[in-house]
Amino acid sequence: MSHFGKNIRKIRNVKKLSQQAFAELFELKRGTLGAYEEERSEPRIETIIKIANHFSITIDDLLTQELTVNKLLKFKDDLALQGSFHKEKFAEIPCITPKTEADYILYYDKPHFIEDLPKLHLPVDPDKEYRAYLISNLEMTNNDKAYCPKDVVIGEKVDPNDFTKIDTSSLVIALVHGKVLFRKFYYSSSKIILRANNTNIEDIEIESGEIKEMWHVCYTFFRRLPENNTVEIEQKLNFLEQEFMKLREKF
């Protein structure tokens, strides 16, 4: 005789999980779980394996032994929290890297290829389409603003009909002329100009129809502290040092 129904009901009680929470944890319907507990239905083997693995119980014990409360309390306590709170899922952002860039140029429009790219997980709008780009050159580096190798920029996809609506001097990631470019965007006399910060790099002047993809950069992640924050940080450190000195004088 199977003890599965009694055991999962006892697990729920010990772990303080409602039928709904337990069912959602294993992608079941609440009615289906109720049928298991009341022994009106037999579970699929996949479900048995999931539950046994999740709570670190052997399949044999789950099916053939009536689990005691003491035995259940010896299982991983941290698992009691699972399913009792909302699990937030961050957006997955495909990232173009130096190793994948050549293939990206060929297969940028192939969903399976995009799915296999490295992913960044960030708390941004999951309903929007983003692309990350790992910088590998000094084309956007000058004395005023430095985007250096290993920095990451993230852009939101721009519809081809909206290229001309991008604000002038905005940063973009563009796939054009068989290259992935990170540049500043300018629009003039029906031409699009992609300009590097490095003055030794020539402008690229193109028609909008020549652009395969464009992503308007909205986030930047530096591998170092941005230079314009250095003074502010030093001021904060000096302030804290002064406050510590005051405290020492009091005591």
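1. Directly after α3 comes Glu39, which has a positive phi, near 60°. Helices here are DSSP runs of H or I with at least four residues, strands are runs of E with at least two, and both are numbered from the N terminus. The model is predicted, with local features requiring pLDDT of at least 70 and side-chain atom pairs counted only at pLDDT 80 or more, while totals for chains, interfaces and linings use all residues. Residues are numbered from 1 along each chain as its sequence is written, and side-chain values use heavy atoms, with hydrogens and water left out.

2. Which residues of α3 are buried? They are Leu33, Gly34, Ala35, Tyr36 and Glu37, where buried means under 20% relative accessible area, exposed means over 50%, and partly exposed lies in between (1.4 Å probe, protein chains only). The cover over these residues includes α1, α2 and α4, with contact meaning heavy atoms within 4.5 Å.

3. The largest nonpolar core has 21 residues, and Phe22, Ile51, Phe55 and Leu62 touch the most other members. Such a core is a set of buried Ala, Val, Leu, Ile, Met, Phe, Trp, Tyr and Cys residues joined through side-chain atoms within 4.5 Å. Two or more residues come from each of α1 (4-15), α2, α3 and α4. Leaving aside residues up to four places away in sequence, Phe22 touches Ile8, Ile11, Arg12, Leu17, Leu33, Ile51 and Phe55. A second, separate core of 19 residues has among its members Leu117, Tyr133, Tyr147 and Val180. In soluble globular proteins, nonpolar side chains tend to be buried together.

4. Glu27 has a positive phi of about 55° and sits in the loop between α2 (19-25) and α3 (30-37). Glu27 is exposed, at 70% relative accessible area. Ser56 also has a positive phi of about 55°; its loop links α4 (45-54) and α5 (59-64). With a relative accessibility of 35%, Ser56 is partly exposed.

5. The sheet is open, has nine strands with mixed pairing, and runs in the order β2-β1-β3-β4-β9-β5-β6-β7-β8. Its edge strands, β2 (119-122) and β8, each pair on one side only. Strands count as paired if DSSP finds at least two bridges between them. From one strand to the next the twist averages 40°, with axes taken as lines fitted to C-alpha atoms (for helices over the stretch in contact) and angles running from 0 to 180 degrees between N-to-C directions.

6. Within the sheet, β4 (residues 152-157) and β9 (residues 211-221) are antiparallel and joined by six bridges. Gly155 has Val217 in β9 as its bridge partner.

7. Antiparallel β5 (residues 170-176) and β6 (residues 179-188) share seven bridges, with Val172 opposite Arg183. They form a hairpin with two residues between the strands, and His177 in the turn has a positive phi of about 55°.

8. Next, β6 is joined to β7 (residues 191-195) by five bridges, again antiparallel. Tyr186 stands opposite Ile193 in β7. This hairpin too has two residues between its strands, and Ser189 in the turn has a positive phi of about 50°.

9. Thr199 and Thr141 lie 58 residues apart in sequence and 9.1 Å apart in space, C-alpha to C-alpha.
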